[in-house]
Amino acid sequence: MASNQPRQIPREEVGRHNQPDDLWIIIDSAVYDLSKFKALHPGGLSVLLDPEIAGQDATEAFFSLHRYEVLEKPQYQRLRIGLVAGEKPHIHGRVAGQLSKIPYAEPTWLADGYLSPYYSDGHRKFQKAIRKFFDEEVYRDAVDREADGKRPSQSVIDKMTALNMHAMRMGPGKHLQGRVLMNGLVTPEEFDYFHELIITQEFARSSLRGYGDGLLGGKVIGLPPVLNFGSEELKAKVVPEVLEGKKFICLAISEAHAGSDVMGLQTTAVKSEDGKEWIINGSKKWITNGTFADYFTVGCKTEDGFTVILVERGPGVETKQIKTSYSTTAGTAYITFDNVRVPVGNTLGEEGGGIFVILSNFNHERWVMCCASARSQRSVSEWISQRKVFGKPLHSQAVIRAKLAGMISRAESVQNWLENITYQMCNMSYRQQAGKLAGQIALLKSYSTSCGQDTARDAVQVFGGRGITQSGMGKYIEHYNRTIAFDALLGGAEDVLADLGVRQALRGMPKDARL
């Protein structure tokens with residue numbers, strides 16, 4: 001009867017297999033037979049025949065060049081023939097649901113021994129379940145879809161539906177009433193913005209940038225105007241099928257000649273002769289999820305000014321993929337509306353009152369982006385901890401420690417400002433948030449993405465050639481550096497948002513104040 005126990009191989013036996021046609025190595029106490037693999041090794045045969053590699057313990061050399069996930073691939077698992085006698089592996093890679101032990105790799109509230117005034121035991125249990133879900137169900141699909149450019153798999157969307165995660169990503173509110181959230185882990189009444197922050201940050205940690213937008217990023221910004229300003233009849237039709245992942249929605253505001261300038265939009269909507277329909281003409285550009293959306297929350301120029309209208313995909317609506325510098329899995333689209341007829345009942349808010357609809361949407365949209373930005377920056381400093389140069393850990397160099405200090409400081413400051421604003425959101429009405437937090441959130445969004453760009457630049461310098469390579473140890477650094485520009489633009493460009501924050505502050509400046 002065959003034994004399930006791994007073969008035990010003495011180290012001295014491994015040392016005898018050090019020739020091109022008989023080549024073994026040790027990685028973390030596991031023995032690998034590379035005799036048939038040598039010709040396939042990306043680094044060439046000479047690397048494997050190095051006297052310090054062939055027949056030797058190559059653990060340090062391997063992890064100075066590769067991520068642990070390489071060992072988990074089936075083609076490399078097949079090369080494993082046993083364990084060094086009397087030893088067990090002690091290095092592990094990504095373990096679903098577990099916290100990182102690397103300093104500053106987690107927000108302070110998750111780090112061992114630290115306290116927080118914001119998070120309860122319920123939040124901690126929620127975070128653990130969310131991380132496990134994203135690690136097990138989302139991460140692999142994110143990697144595969146970033147590679148092939150296809151939209152996120154419907155199977156992942158359906159699994160999120162089963163936990164009511166699409167609804168939770170919209171934040172607290174009436175839309176959660178009667179729903180079972182995360183198998184009952186939190187009630188709709190308990191769910192707050194810190195729960196949503198956890199979802200967004202765990203999502204940012206486990207996915208890649210294009211995939212992150214592709215997994216219904218358009219819904220997060222396109223559905224709130226329907227929830228908050230749509231008629232009861234319209235909401236009854238649209239909201240359930242969107243929150244159940246059966247239909248998809250996006251926000252269609254930006255145009256080729258008007259991005260941050262919302263009032264400069266050129267897409268028009270005029271009423272039909274009987275006044276029962278809108279007739280829409282124009283185009284939209286850079287619309288997230290637009291290629292596969294069923295509904296479009298569209299900003300239009302009307303007789304009364306600026307109006308927001310929900311358009312359903314149909315005759316006259318055409319979408320084309322825009323190729324950007326991040327993955328096409330985001331479904332970024334150019335959209336044209338050619339005499340598209342829409343019921344007047346699809347108007348969101350008042351005619352001519354579209355600016356209020358969009359402005360009310362901006363706070364939440366930008367806050368979500370800040371949540372993701374803060375978490376993504378933190379991951380960069382975590383990746384750097386593994387690399388070695390000159391026979392020593394990279395962080396043994398003072399200049400590298402200085403860069404790490406900057407990365408850590410930026411990530412911590414963004415997270416702390418974010419948590420302060422989130423606490424205000426939990427304790428303010430929607431109207432109070434609009435009045436007091438628009439400027440703060442705009443400044444935080446501008447600051448966080450500016451910090452992200454600094455961190456991306458430093459990380460590439462630290463990783464050198466690996467930092468611009470789309471494979472191997474540096475692939476996530478390359479990805480972050482290539483996609484950080486999107487964070488700096490989406491939801492309002494950095495300069496525009498910084499100015500918005502200052503202008504709001506100046507409006508509150510007391511006229512009688514003097515130094």
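## Cavity lining

By class, the residues lining the largest cavity comprise five nonpolar, two polar and three charged residues. Here Ala, Val, Leu, Ile, Met, Phe, Trp, Tyr, Cys and Pro count as nonpolar, Asp, Glu, Lys and Arg as charged, and the others, Gly among them, as polar. The lining is made up of P107, W109, L110, Q127, R131, L197, I198, Q201, E202 and R375. Two elements, α6 (121-148) and α9 (193-206), each give two or more residues to this lining, and α9 gives the most, with four residues.

The structure holds one cavity of 30 Å³ or more, and the space in the largest cavity is about 50 Å³. A cavity is a set of points, on a 1 Å grid over the protein atoms alone, where a 1.4 Å probe fits but cannot get out; lining residues have an atom within 4 Å of a point. Grid points are joined across faces, edges and corners, and a volume is the space filled by probe spheres set on the points.

## Basis of the model

This is a predicted model, in which local features need pLDDT of at least 70 and side-chain atom pairs count only at pLDDT 80 or more, while totals for chains, interfaces and linings use all residues. Residues are numbered from 1 along each chain as its sequence is written, and side-chain values use heavy atoms, with hydrogens and water left out.

## Overall architecture

The secondary structure of the protein comprises 19 helices and 15 strands; helices (H or I, at least four residues) and strands (E, at least two) are DSSP runs, numbered from the N terminus. Along the principal axes, the C-alpha atoms fill a box of roughly 90 × 65 × 45 Å. A compact globule of 515 residues would have a radius of gyration near 24 Å, and the 26 Å of the protein agrees with this. That radius is taken over C-alpha atoms, and the globule rule is 2.2 Å times the number of residues to the power 0.38.

Of the 515 residues, 51% are buried, meaning under 20% relative accessible area with a 1.4 Å probe and protein chains only. Among contacts (heavy atoms within 4.5 Å) between residues at least 6 apart in sequence, 73% join residues at least 24 apart.

## Lysine 445

K445 is found in helix α17 (residues 438-463). K445 counts as buried because its relative accessibility is 1%. Leaving aside residues up to four places away in sequence, K445 touches R366, M369, C370, D487, A488, L489, L490, G492 and L497. K445 and S373 are 72 residues apart in sequence, with a C-alpha to C-alpha distance of 8.5 Å.

How values were computed
1 Å grid on protein atoms, 1.4 Å probe; cavity = no way out; pocket = protein on both sides within 12 Å on 5 of 7 lines; lining within 4 Å. Buried < 20%, exposed > 50% of the residue type's maximum accessible area, 1.4 Å probe, protein only.
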